[in-house]
Amino acid sequence: MAYKYNISYNFTRYVVKGKIILRPIIPVELKYKDNDPIIYTMLLDSGADLTLLSKDVGDSLGIDTDKKADDNVYGVTGHTPVIDEKVKIKFGMGSRNIFEKEIPVQITKIQGRPAIPALGRETIFREFDVHFRMGQPKDKQKFVLSKV
Amino acid sequence: MVDIKSEYEWISNQNLKQFRGKWIAVFNKKIISSGKYAHEVAKKAKEQIKETPFLIKVPLEGYISV
């Protein structure tokens with residue numbers, strides 16, 4: 001399959017108790033309405049339906065996180081109320097291969113949860129074929145977003 | 001325009017022990033603000049720079065290595 005372009009990232013390597021954990025982390029610019037954008041490191045989370053932000057991240061973008069919750073999200077540790085919103089995301093490589101789109105996000109009503117903003121499958125996995133190349137030699141361990 | 005990739009590589013090679021579990025804002029290879037919550041760190045960063053702030057969450061355990 002011919003892709004429009006590929007965006008390739010090194011895994012972020014976390015060394016925990018001597019073991020190396022590879023995490024797919026991407027710097028992503030987030031912008032809510034006409035507010036100033038902020039760049040965050042986000043975890044590309046194939047297990048998350050939607051993009052999930054903590055209350056404090058939502059506050060930083062100027063989202064009203066004190067309004068009534070729209071929904072609940074269910075995870076391995078239980079459920080939490082969330083607000084549904086849309087933000088513009090922007091990420092990429094160089095000046096040509098830049099992806100920019102307004103996507104649905106959910107914002108928890110809890111500060112610091114999730115600990116790191118999670119970039120879920122909707123919309124990213126509809127826009128890109130995502131390849132986690134963890135089984136390669138160290139210098140080739142990358143995750144690649146191929147634009148369909 | 002800040003080179004985010006370069007900033008991220010730089011921060012990955014720093015000793016971030018004192019920032020474990022916190023947010024940090026990075027600009028021109030300096031940590032310009034830090035704190036427990038993103039909105040506080042973003043606000044402090046915006047008071048110091050005109051460019052878009054770059055916020056990174058430092059893991060509670062272990063260290064980052066890109």
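## A helix of chain B and its cover from chain A

In this predicted model, helix α2 of chain B, residues 38-46, has these buried residues: A38(B), H39(B), V41(B), A42(B) and A45(B). Viewed down the axis of α2(B), they fall within an arc of 165 degrees, so they line one face of the helix.

What covers that face? The cover of the buried residues of α2(B) draws on both chains. From chain A it includes β5 (38-44) and α1 (55-60). From chain B it includes β1 (23-27), β2 (30-35) and β3 (54-57).

**Where the chains meet**

Contacts link 22 residues of chain A with 20 residues of chain B. On the chain A side, β2 (12-16), β4 (25-31), β5 and α1 each supply at least two residues. The largest share comes from β2(A), with five residues. The table sorts the chain A side by class.

| Class of residue, side of chain A that touches chain B | Count |
|---|---|
| Nonpolar | 11 residues |
| Polar | six residues |

Within β3(B), L55(B) is the bridge partner of Y40(A). Both strands, β5(A) and β3(B), are also among the elements that cover the buried residues of α2(B).

**Chain A as a whole**

Chain A holds two helices and 12 strands. Along the sequence they follow the pattern β-β-β-β-β-β-α-β-β-β-β-α-β-β. The radius of gyration is 16 Å, close to the 15 Å that the globule rule gives for 148 residues, so chain A is as compact as a globular protein of that length. Its C-alpha trace spans about 45 × 40 × 25 Å along the principal axes.

How many of the 148 residues of chain A count as buried? The share is 32%. Among contacts in chain A with a separation of 6 or more, 54% are between residues 24 or more positions apart.

Strands of a sheet pair through backbone hydrogen bonds, either parallel or antiparallel. In chain A, an open sheet of three strands has the order β1-β12-β11, with antiparallel pairing. Which strands sit at the edges? They are β1 (6-10) and β11 (128-133) of chain A, and each pairs on one side only. From one strand to the next, the twist averages 15 degrees.

Strand β12 of chain A covers residues 142-147 and runs antiparallel to β11(A), joined to it by six bridges. Here R133(A) stands opposite K142(A) of β12(A).

Key. Residues numbered from 1 in each chain as written. Chains lettered and ligands numbered in written order. Predicted model: local features only at pLDDT ≥ 70, side-chain atom pairs only at ≥ 80, totals over all residues. Helix = DSSP H or I, 4+ residues; strand = E, 2+ residues; numbered from the N terminus. Rg over C-alpha atoms; globule rule 2.2 N^0.38 Å. Buried ≥ 20, exposed ≤ 12 C-beta atoms within 10 Å, placed from the backbone. Contact = placed C-beta atoms within 7 Å. Pairing = 2+ DSSP bridges. Axes fitted to C-alpha atoms, helices over the stretch in contact; angles between N-to-C directions. Arc of directions from axis to C-beta. Nonpolar A, V, L, I, M, F, W, Y, C, P; charged D, E, K, R; others polar.
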